[in-house]
Amino acid sequence: MKLPPIGTLGPFLALLVACAFFASQSDRFLTGGNLSLILQQVMVVGVIAIGQTLVILTAGIDLSCGMVMALGGIVMTKFATDLGLPPLLAVACGIGVTTLFGLANGLLVTRVKLPSFIVTLGTLNIAFAITQLYSNSQTVTDLPPLMTALGNTFAIGGKDGGTEVALGTVLMLALYALAWFVLRETAAGRHVYAVGNNAEATRLVGIPTQRVLLMVYVIAGFFYGIASLLSVARTGVGDPNAGQTENLDAITAVVLGGTSLFGGRGIILGSLVGALIVGVFRNGLTLMGVSSIYQVLVTGILVILAVATDQLSRKGARG
Amino acid sequence: MSTPLVMQAKGLVKRYGQVTAIAGADFELRAGEILAVIGDNGAGKSSLIKCLSGATVPDEGEILLDGQPVHFKTPIDARRAGIETVYQDLAVAPAMSISENLFLGRELRRPGFLGSVLRMLDKKRMLDQSIARMQDLKVGIRSMTQAVETLSGGQRQCVAVARAAAFARHVVIMDEPTAALGVKEGNMVLELIRRVRDQGLPVVLISHNMPHVFEVADRIHVARLGKRAAVLNPKKISMSDTVAVMTGAMPAESIPAECLA
């Protein structure tokens, strides 16, 4: 029996330490209701982080994730309210748009051979502009109830209602389980790691690396679309200003979760832990009455600490 | 001729713009041998190997594999035809396990529903086969589940050679496999190359390292000025004469007949 390297255990320990700290600072932190709230707050970032993890595993980065998610939310809500499309069709259109953005990112990275950083910096701004133009910077309201169904909660345990759990949280956990299975147990998933590890060697053994990369961006776009739906369900509106904190929070979550920005290393469940760390910090600081701008400050410090840990631990491992 | 030819090239020409890298080169690889390919820089050695491994397409000439003409457009074509190439720069995925590296791109799936519908990998079977394979080749690596990056350079190269040997049906081409290694590690890889040959796979070994070439090669193909200058028998000719043939100091006509192979 061998202990997992600190790299895999570290994020989990950090989460426990953060929880212990906030529990000591606020009586309300460890209540079922609050923990359920954290999970609900985390579900959007958590699902974006799945897509982001895939991209980062291939040694890329997707800066457009939050803005694409916001665009998807506006598209699905506007299509349902203005165009009167049935809710499910409108949702499919929204997810379709985010998937197309993923396809565009992927094609620019694989065919035009542009660095993902620049490509997604461009699509970040494009998605943001389209979101604002299409929505006139107005929040979309009066959504059909089906669209916000994932925000509904059901009770588990307890006799007076117990703890409310949102359906979206369950969906997020299911998506993590799916991603974990594919990345760990299938050849397609292992190829994602291989491309991030040594793209040239992977190509030379006969794996179509460009197709793997393209698929990663497309699937990431698809996950952002599901995150759009979760965001709409959680807030009950189509918000043109959604995605602004999620954009960096998702990247922070992935890095905190131990996935290396240099590609090829990381565990998808780490990103869930990373998203929870971000959520716990935001929630805990709010309970302590710390202003939201300090939360941004803390997130910034967290991400640098996480990258530094990654860098230093890998140096140490090489000796 | 007693041993059949596994791979043969006739009159290969490759031009890059104004430069003619190979000008009508011939090549013959016999069954069960280690053929070293040597040559000075610019002698057309790497262009020849690139044609054989599918990395470039020759402008003229033909390549025969087991007597059948083949036309490789990419290294993947060559691989499908049973030719595996080991590259100098350690072509492995460092963070992945040895077993995963050995089966990269050729993963085995579980039988039945788990494999065909859920597409689950059969990690156990890949691991068992990796262990068996490495034992066959007498590569002393303790655990197949450890990441390749925990290995020394020589051990990593052994993983790359073992992968090539496991999947090659006809030929293994090795491009400077010992160049980046120290003495002991280099010997380890040479030993492995011999074992690959002894298991019946012919090996093409490109190397600058004369002692290594003389230690393992059965025949030496000397490339010079875009052609094959001679094929030498390392048991008969000296190292310094070989270098003389390679540099042109000794013309091919003046090589004693018993030194040719």
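**Close-up views of a predicted two-chain model**

**View 1. Ile48(A) and its contacts in the nonpolar core.** Ile48(A) touches Cys65(A), Gly66(A), Met69(A), Phe223(A), Tyr224(A), Ala227(A), Glu246(A) and Ala250(A), leaving aside residues up to four places away in sequence. The model is predicted. Ile48(A) is also one of the residues that touch the most other members of the largest nonpolar core, which holds 175 residues.

**View 2. The contact between chain A and chain B.** Chain B brings 17 residues to the contact, and chain A brings 16 residues. On the side of chain B that touches chain A, the largest share comes from helix α2 (residues 75–80) of chain B, with three residues. By class, this side of chain B has 12 nonpolar, one polar and four charged residues.

**View 3. The two domains of chain B.** Chain B is divided into domain 1 (5–91 + 152–259) and domain 2 (96–146). Taken over C-alpha atoms, the centres of these domains of chain B are 29 Å apart. Their contact takes 10 residues from domain 1 of chain B and 10 residues from domain 2 of chain B. On the domain 1 side, α6 and α7 (183–198) of chain B are the elements that give two or more residues. The largest share of that side, eight residues, comes from α6(B). By class, the domain 1 side has seven nonpolar, one polar and two charged residues.

**View 4. Helix α5 of chain B.** Helix α5 (residues 123–136) of chain B has 14 residues. From first C-alpha to last, α5(B) reaches 20 Å, close to the 20 Å expected at 1.5 Å a residue. Met126(B), Ser130(B) and Met134(B) are its buried residues. Seen down the axis of α5(B), the buried residues fall within an arc of 60°, so they line one face of the helix. The face of α5(B) turned away from the buried side carries exposed Lys124(B), Ala132(B) and Gln135(B). The cover over the buried residues of α5(B) includes α3 (98–102) and α6 (153–167) of chain B. Just after α5(B), Lys138(B) takes a positive phi of about 55°.

**View 5. Helix α1 of chain B.** Helix α1 (residues 45–53) of chain B is mostly covered. Nine of its nine residues are buried. Among them are the lysines Lys45(B) and Lys50(B), and the serines Ser46(B), Ser47(B) and Ser53(B). Leu48(B), Ile49(B), Cys51(B) and Leu52(B) are buried too. Just after α1(B), Gly54(B) takes a positive phi of about 85°.

**View 6. His170(B) and its surroundings.** His170(B) lies in the loop between α6 and β7 (171–175) of chain B. His170(B) counts as partly exposed because it has 17 C-beta neighbours inside 10 Å, whereas a buried residue needs 20 or more. His170(B) touches Val6(B), Leu65(B), Asp66(B), Ala81(B), Gly82(B) and Ile83(B), not counting residues up to four places away in sequence. Val117(B) is 53 residues from His170(B) in sequence. In space, C-alpha to C-alpha, Val117(B) and His170(B) are 33 Å apart.

Technical notes
Residues are numbered from 1 along each chain as its sequence is written. Chains are lettered from A and ligands numbered from 1 in the order in which they are written. This is a predicted model: local features need pLDDT of at least 70, side-chain atom pairs count only at pLDDT 80 or more; totals for chains, interfaces and linings use all residues. Helices (H or I, at least four residues) and strands (E, at least two) are DSSP runs, numbered from the N terminus. The expected span of a helix is 1.5 Å times one less than its number of residues. A residue is buried if 20 or more other C-beta atoms lie within 10 Å of its own, exposed if 12 or fewer, and partly exposed in between; C-beta atoms are placed from the backbone. The arc is that of the directions from the helix axis to the C-beta atoms. Two residues are in contact if their C-beta atoms, placed from the backbone, lie within 7 Å. Domain bounds come from an automatic or database domain assignment. Ala, Val, Leu, Ile, Met, Phe, Trp, Tyr, Cys and Pro count as nonpolar, Asp, Glu, Lys and Arg as charged, and the others, Gly among them, as polar. A nonpolar core is a set of buried Ala, Val, Leu, Ile, Met, Phe, Trp, Tyr and Cys residues joined through C-beta atoms within 7 Å.
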